[in-house]
Amino acid sequence: GVVHISTGDELRQHVKAGTPLGALAKSYMDAGALVPDDVMVRIVSDRLAHRDVAERGWLLDGFPRTGPQAMALKRQGIEPDRFILLDV
């Protein structure tokens, strides 16, 4: 099946691993602020570049949440084949 990419999981992984992106995100989280779109786009883009994603495809969970996030992916040439919107 496709690779399930949860933005929350990816964010926690970067923070736990102490990556530069994780440290940047943690600074916002520690201040009680939302992680900015540009940081989230970089985290998701980083994961989308992995080999397993290229081989199996992907399902983004919780992303994009904003228009700027969607446009940032589009500018990188990343466009989904399908969308699933759960309105609960």
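Just after helix α1, Gly18 adopts a positive phi of about 70 degrees. Helices (H or I, at least four residues) and strands (E, at least two) are DSSP runs, numbered from the N terminus. The model is predicted, so local features need pLDDT of at least 70 and side-chain atom pairs count only at pLDDT 80 or more, while totals for chains, interfaces and linings use all residues. Residues are numbered from 1 along each chain as its sequence is written, and side-chain values use heavy atoms, with hydrogens and water left out.

Helix α1 spans residues 7–17, and Thr7, Glu10, Leu11 and His14 are buried in this helix. Buried means under 20% relative accessible area, exposed over 50%, and partly exposed in between (1.4 Å probe, protein chains only). Viewed down the axis of α1, the buried residues fall within an arc of 100 degrees, so they line one face of the helix; the arc is that of the directions from the helix axis to the C-beta atoms. Arg12 and Lys16, on the other side of α1, are exposed. The cover over the buried residues of α1 includes β1 (3–6), α2 (20–30), α3 (37–48) and β2 (58–61).

Among the buried residues of α1 is His14, which counts as buried because its relative accessible area is 8%. Not counting residues up to four places away in sequence, His14 touches Thr19, Leu21, Gly22, Ile43 and Asp46, where contact means heavy atoms within 4.5 Å. His14 and Ala72, by comparison, are 58 residues apart in sequence and 20 Å apart in space, C-alpha to C-alpha.

In α2, Leu21, Gly22 and Ala25 are buried. These residues cover an arc of only 95 degrees around the axis, which puts them on the same side of α2. Pro20 and Asp30 are exposed on the other side of α2, and what covers the buried residues of α2 includes α1 and α3.

Two packed helices are described by the angle between their axes and the distance between the axes. Axes are lines fitted to C-alpha atoms, for helices over the stretch in contact, and angles run from 0 to 180 degrees between N-to-C directions. For α1 and α2, the angle is about 105 degrees and the axes are 7 Å apart. This makes α1 roughly perpendicular to α2, given that angles under 35 degrees count as roughly parallel, over 145 as roughly antiparallel, 65 to 115 as roughly perpendicular and the rest as oblique. Leu11, His14 and Val15 of α1 form the contact with Leu21, Gly22, Ala25, Lys26 and Met29 of α2. By class, the residues of this contact divide into 5 nonpolar, 2 polar and 1 charged. Here Ala, Val, Leu, Ile, Met, Phe, Trp, Tyr, Cys and Pro count as nonpolar, Asp, Glu, Lys and Arg as charged, and the others, Gly among them, as polar.

The axes of α1 and α3 come within 10 Å and cross at roughly 90 degrees, which makes α1 roughly perpendicular to α3. Thr7, Glu10, Leu11 and His14 in α1 meet Met40, Ile43, Val44, Asp46 and Arg47 in α3. The contact of α1 with α3 has 4 nonpolar, 2 polar and 3 charged residues. Arg47, in helix α3, counts as buried because its relative accessibility is 13%. Beyond residues up to four places away in sequence, Arg47 touches Val3, Ile5, Glu10, Asp52 and Val53.

The nonpolar core comes next. A nonpolar core is a set of buried Ala, Val, Leu, Ile, Met, Phe, Trp, Tyr and Cys residues joined through side-chain atoms within 4.5 Å. Of the 18 residues in the largest such core, Leu48, Leu60 and Phe63 touch the most other members. The elements giving two or more residues to this core are β1, α2, α3 and α5 (67–75), and α3 gives the most, with 6 residues.

Leu48 touches Ile5, Val53, Trp58, Leu60, Leu73 and Ile78, leaving out residues up to four places away in sequence. Leu60 is found in strand β2 and counts as buried at 16% relative accessibility. Setting aside neighbours within four places in sequence, Leu60 is in contact with Ile5, Val44, Leu48 and Leu73. Leu60 and Ser6 are 54 residues apart in sequence and 6.2 Å apart in space, C-alpha to C-alpha. Phe63 is joined to Pro64 by a cis peptide bond, with omega about -5 degrees, and Pro64 lies in the loop between β2 and α5.
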